Amino acid sequence: MAEKDSKANEPLEDIIEEKDQKLNIPQKLPILLLRDIVVFPYMIVPLFVGREKSKNAIDQSLSSHRMILLLTQKDMETEDPKREEVYDMGTVALIMRMLKLPDGRIRILAQGLARAKIESFEEENGYLSAQVEVVQEPEATDKSLESEALVRNVRSGLEKATSLGRNIPPEVLIIATNVEEPGRLADLTAANLELKVNEAQAILEITDPVQRLKKVYELLAKELEILDVQSRISTEAKGEMDKLQRQYFLRQQMKAIQKELGEGTELQEEIKAYQDKMKKIKVSEEVREELEKQISRLAQMHPESAETTVARNYLDWMFALPWSKSTIDNLDLKLAKTILDEDHYSLEKVKERILEYLAVRSLSRKIKGPIMCFVGPPGVGKTSLGKSIARALGRKFIRISLGGVHDEAEIRGHRRTYIGALPGRIIQGLRRAGYDNPVFMMDEVDKIGADFRGDPSSALLEVLDPEQNFSFRDHYLGVPYDLSKVMFITTANLLDPIQPAFRDRMEVLQLPGYTEEEKLEIAQRHLVPKQIKENALSPKLISFTSGAITKTIALYTREAGVRNLEREIASVCRKVARKVAEGKKTLHKITLQNVEAYLGPPKIFKDQVQKKDQVGVTTGVAWTATGGEILFVEATKMKGKGVLTLTGLLGDVMKESGHAAISYARAHAKELGIDNKIFSQNDFHVHIPEGAIPKDGPSAGITIATALISVCTNSKVHWDVAMTGEITLRGNVLPIGGVKEKVLAAQRAGIRKMILPAPNKKDLIDLPAIVKKEMEFIFVEEIREVFAHALVKSKAK
């Protein structure tokens with residue numbers, strides 16, 4: 001085995017000067033196989049020998065002519081190569097020195113003499129030998145321009161390689177400067193380029209000196225390119241290292257200066273605190289990158305600059321938000337139902353919807369938060385219902401009021417370019433909640449405004465869309481925030497003002513109002529105990545009878561909700577509290593008889609239903625924002641020319657109902673037993689009190705028609721029948737809305753019979769059972785059916 005010494009190739013010191021001298025090389029030489037090196041002529045190379053055949057070959061050489069053939073094997077791993085596993089071209093070398101090492105190996109110093117090609121390959125006496133043919137260098141001729149240029153380029157290339165970091169001994173450069181022969185320069189250069197074995201062998205096998213030098217120059221040029229790139233990379237790395245060291249040094253100096261001035265310590269502590277929070281917070285990669293960027297910016301700012309305050313505020317907001325902190329839902333349906341029943345009486349539809357959500361939530365953790373809209377008049381418990389839902393679910397409750405909001409930035413936040421910029425009210429609410437899944441109530445969404453600053457209701461479209469709000473992007477934060485876990489509840493008094501696209505995002509649940517019986521239950525369960533407690537009283541000092549509360553409901557309040565009822569109860573409690581404070585610490589019982597002494601004369605008179613049948617007076621019902629009310633339609637005729645007058649601050653739709661009614665009467669006069677002359681000889685006047693209150697809508701059609709027919713036929717109308725429905729010119733009765741509110745209004749007024757359009761029969765399912773029991777409902781499809789039930793039939797004489 002022969003291996004290259006760790007030392008670099010040494011140049012030949014005693015190069016044969018006489019060009020014409022013929023080397024006396026034997027035709028048969030022992031072979032020393034090399035594993036990973038190609039030796040060129042005129043070079044001195046130290047080699048380590050370990051294989052027995054190689055040792056025997058060296059012994060044979062030293063005992064005779066000291067010459068040996070250096071052949072390189074094709075695969076360095078092969079231990080005993082055959083003929084085809086070695087290259088054909090090798091170098092005849094002279095063994096100059098030999099040293100036996102303690103580990104059994106031999107170290108020799110060999111001097112290349114000439115190229116030789118093997119003609120035979122055989123093994124004898126324990127070593128390899130070969131018949132060789134020495135390859136003679138071509139005779140030197142006059143130098144061509146090409147060879148001269150190649151020589152110069154190779155010399156300059158070697159010098160450049162040295163300047164770029166290639167470790168070439170100085171004596172090699174000196175020899176290269178003095179060598180004129182292209183072949184010898186090529187061999188000298190190739191021996192110092194650290195070529196791969198196959199590349200070096202290819203050069204060894206080129207016998208033409210100029211071609212050999214040209215090939216060496218190509219390899220040298222490639223090596224120079226690599227060295228140039230390597231040098232540039234090294235320079236850049238060193239420059240970057242120097243820059244980092246310089247920055248570190250300057251930072252240390254800055255710290256020392258700030259410490260002396262008493263500045264910067266607080267900012268550094270804040271940055272360290274932010275970095276500690278970064279390790280704990282669970283956020284998406286986009287949010288993490290933004291936080292790291294802002295912390296890095298803050299570290300480079302002056303503590304007193306305005307930008308520092310902006311960056312601090314932003315980071316404080318980001319770290320204060322509940323990115324992945326959720327409350328655990330209470331999935332016990334029985335407990336949730338108990339809580340909802342404790343807090344609110346009635347409202348069965350809403351309670352059922354919440355329990356359905358909880359049921360699905362208990363089966364699937366991936367359900368998105370519902371977006372519900374509670375629509376109903378004031379005081380029916382929309383906001384308090386939201387609190388109750390949060391308590392039933394075991395979640396935090398957050399409420400914001402959007403009434404009168406005009407600026408889109410209230411929802412989406414301000415961009416950080418503004419002075420005093422803040423996130424929108426959605427993000428602010430979540431920060432207050434401290435969890436990412438609260439019950440979030442937005443009150444008064446029907447009263448959102450819009451102006452040049454944007455349309456907040458359009459901004460809410462993204463918030464209230466389950467397909468979009470998982471990546472809600474507040475302008476202040478600048479990164480997406482997941483709102484899909486939030487249960488959004490909105491409230492409104494009316495649906496009409498809400499933008500259609502906005503309304504489409506929500507599940508609307510109507511809370512129409514309470515009956516007197518429901519108000520009585522609510523007062524006894526909630527309002528009375530609450531006001532007794534708030535006015536520092538106790539059940540030992542004050543009590544309310546059912547009669548007192550019922551009278552308060554009927555004669556002191558007129559509303560769909562219970563807000564005014566609570567005020568009246570509070571008024572009674574305050575008066576009792578004054579008596580207690582004056583020393584009258586006895587039980588004050590509020591009864592039907594003495595409630596007037598506390599509240600004064602009745603503030604509300606029940607709609608005065610005239611308990612007698614009259615001509616031209618019908619009882620109608622109307623839907624209002626506070627529930628339902630009854631109204632009276634009065635009609636009369638006087639001498640004239642058939643003019644119809646409509647008064648009572650009526651809207652266009654109601655006026656058209658009046659004209660449709662008179663047209664129907666004229667078209668069907670004969671069938672109804674009306675003399676046609678009445679319409680040409682009389683004027684008709686329809687009035688609907690109260691005159692100062694605007695009224696509109698199609699549902700008074702049959703009421704106006706009945707009043708007009710009553711006048712034309714001089715028939716009385718049953719006083720205890722209320723009616724509602726739209727009329728057509730053909731006499732059909734069309735369905736109307738707000739049935740529950742209208743029926744409750746009639747029931748409050750003491751009416752026990754009501755005419756409704758037949759298609760509205762399905763709406764009775766929403767009525768309380770007690771109302772359906774007390775009242776009689778008549779469903780009609782045609783106006784004549786209305787006349788049959790509403791008009792008093794004249795007795796036959």
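Author: A residue counts as buried when its relative accessible area is under 20%, and as exposed when that value is over 50%. The model is predicted. Leu347 has a relative accessible area of 12%, so it is buried. Leu347 sits in the loop that runs between α10 (333-343) and α11 (348-363). Its phi is positive, about 55°, although Leu347 is not a glycine. Asn125 also has a positive phi, about 50°, and is not a glycine either. Asn125 belongs to the loop between β8 (122-124) and β9 (127-135). With 71% relative accessibility, Asn125 is therefore exposed.

Next, the core. The largest nonpolar core contains 54 residues. Those with the most contacts inside this core are Trp323, Leu402, Met442, Val463, Leu483, Phe488 and Phe502. The element that gives the most to this core is helix α9 (residues 306-320), with 6 residues. Met442 shows what surrounds one of these core residues. Neighbours within four places in sequence set aside, Met442 is in contact with Ile400, Leu402, Ile426, Leu460, Leu464, Phe488, Ile489, Thr490 and Thr491. Another core, of 51 residues, lies apart from the largest one, and includes Val350, Met487, Tyr514 and Val572.

Helix α9 also packs against a partner, helix α8 (residues 285-299): the two axes are 10 Å apart and the angle is about 150°. Angles over 145 degrees count as roughly antiparallel, so α8 and α9 are roughly antiparallel to each other. Their crossing is left-handed. On the α8 side, the residues that meet α9 are Val287, Glu290, Leu291, Gln294, Ile295, Arg297 and Leu298. On the α9 side they are Glu307, Thr308, Ala311, Arg312, Tyr314, Leu315, Met318 and Phe319.

A second pair of helices crosses at another angle. Helix α24 (residues 701-713) and helix α27 (residues 783-790) have axes that come within 10 Å and cross at roughly 60°. α24 is therefore oblique to α27. α24 passes α27 in a right-handed crossing. Ile702, Ala705, Thr706 and Ile709 of α24 meet Ile783, Val786, Phe787 and Ala790 of α27.

Helix α25 (residues 739-748) is mostly covered, with 10 of its 10 residues buried. Just after α25, Gly750 takes a positive phi of about 90°. Helix α21 (residues 652-667) has 16 residues and spans 22 Å from its first C-alpha to its last, close to the 22 Å expected. The buried residues in α21 are Met654, Ser657, Gly658, Ala660, Ala661, Ile662, Tyr664 and Ala665.

Glu223 lies in helix α6 (residues 209-261). With a relative accessible area of 15%, Glu223 is buried. Leaving aside neighbours within four places in sequence, Glu223 is in contact with Arg166 and Leu193.

Terms used
Residues are numbered from 1 along each chain as its sequence is written. This is a predicted model: local features need pLDDT of at least 70, side-chain atom pairs count only at pLDDT 80 or more; totals for chains, interfaces and linings use all residues. Side-chain values use heavy atoms; hydrogens and water are left out. Buried means under 20% relative accessible area, exposed over 50%, partly exposed in between (1.4 Å probe, protein chains only). Helices (H or I, at least four residues) and strands (E, at least two) are DSSP runs, numbered from the N terminus. The expected span of a helix is 1.5 Å times one less than its number of residues. A nonpolar core is a set of buried Ala, Val, Leu, Ile, Met, Phe, Trp, Tyr and Cys residues joined through side-chain atoms within 4.5 Å. Contact means heavy atoms within 4.5 Å. Axes are lines fitted to C-alpha atoms, for helices over the stretch in contact, and angles run from 0 to 180 degrees between N-to-C directions. Angles under 35 degrees count as roughly parallel, over 145 as roughly antiparallel, 65 to 115 as roughly perpendicular and the rest as oblique. A crossing is left-handed if the near helix is turned anticlockwise from the far one by less than a right angle, and right-handed if clockwise.
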